[in-house]
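Please open the model in your viewer and keep the selection panel at hand. The stops below proceed from one selection to the next.

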Amino acid sequence: MPSVTDEESGYASASSSTAGSSSRLPLVTLTSPHVKHLNQQLEKMTAVDRLRFVKTCFPNLYQSTAFGLTGLVSTDMLSKIEEQSPSPSPVDLIFLDTLYHFEETYALVERVKARYPNVRIHTYRPQDASTAAEFEERYDEKLYDTASELYDWIAKVEPQQRAYTELNVAAILTGRRRSQGGERDKIDVLEVDEESGIIKINPLVDWSFAQVKAYITENNIPYNELLDRGYKSVGDWHSTSPVSAGEDERAGRWKGQAKSECGIHNKKSRYAQFLQEMQRKAEEEQLTVALKKIEDKHKVETSTDIV
């Protein structure tokens, strides 16, 4: 597994006054009519023009990637846009290293760094773990099997939230496409995350897998070697398998399980809801204790007055 510096990790990156507080308002706020209007315009644009537009329109724009084919296309397009029109705010990448990626994925990260030396990668891992062994010692072995919601929260959702907070992300580019099927078949080019308020942009939303693969081949972009072994969508090694002819490209993710997303593109996961409920109960208990102290103090003062 390649080593990652503090600069790459994102821990030395945040300097904004709003970083560190997820309760602050996002840097960009859009009304529903505004989102609808933007989507009407973005639907007419090519993927490159969409990237040019959002790069100009949104501050603190990042790309979230696991180095899948679609994300690699966006990275290549952004690199070419930057070459043509250098800007003071290039789009950095955010990579969520669950510690369970395939070795081929880690090797690809190094090849991407070599191909795009000016592209900065912020790598985020689960809290207090830098290897799979450390993760399993801290949280449990095969947590992905025994408590998949908890695993998704620790390995993916929490690191993503930490990245967004520390980097002060206002808008994020994703690699989601309608042709991937499942819950993605009706997504818009531009969405607003209901919980965080972050703008999510899907620049290749209307591309097919064949279009993505053709662009990769024509532009000689490095890609994951697993794609040549029947994998079309690559995630963690424990929950990814090759797909058969005729299957959706994401059919190999969580095969045999009643899930198609890991939590970072879902609404709040069940474990996140559990955490929220625990926080609510803790706050209620604190309030009850505080009220009891006030009540006891009032009783003491009342009894003193009577005497």
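**From the sheet to the rings**

Select Leu93 to begin: its bridge partner in strand 3 is Ile121. The model is predicted, so to speak of local features requires pLDDT of at least 70 and side-chain atom pairs count only at pLDDT 80 or more, while totals for chains, interfaces and linings use all residues. Residues are numbered from 1 along each chain as its sequence is written, and side-chain values use heavy atoms, without hydrogens or water.

Strands (E, at least two residues) and helices (H or I, at least four) are DSSP runs numbered from the N terminus; two strands pair if DSSP finds at least two bridges between them.

Next, display the whole open sheet: six strands in the order 3-2-1-4-6-5, with mixed pairing. Its edges are strand 3 (121-124) and strand 5 (190-192), each pairing on one side only.

Now move to the aromatic residues. Select Tyr100, Phe135, Tyr139, Tyr144, Tyr151 and Trp237, which ring pairs link into a cluster. Rings of Phe, Tyr and Trp (its six-membered ring) pair if their centres lie within 6.5 Å; planes under 30 degrees apart are stacked, over 60 edge-to-face, and the rest tilted. The count by this rule is eleven aromatic pairs. In one of them, the centres of Phe135 and Tyr139 are 4.9 Å apart with planes at 50°, so the pair is tilted. Both belong to helix 6 (residues 132-139), where being four residues apart separates them by about one helical turn.
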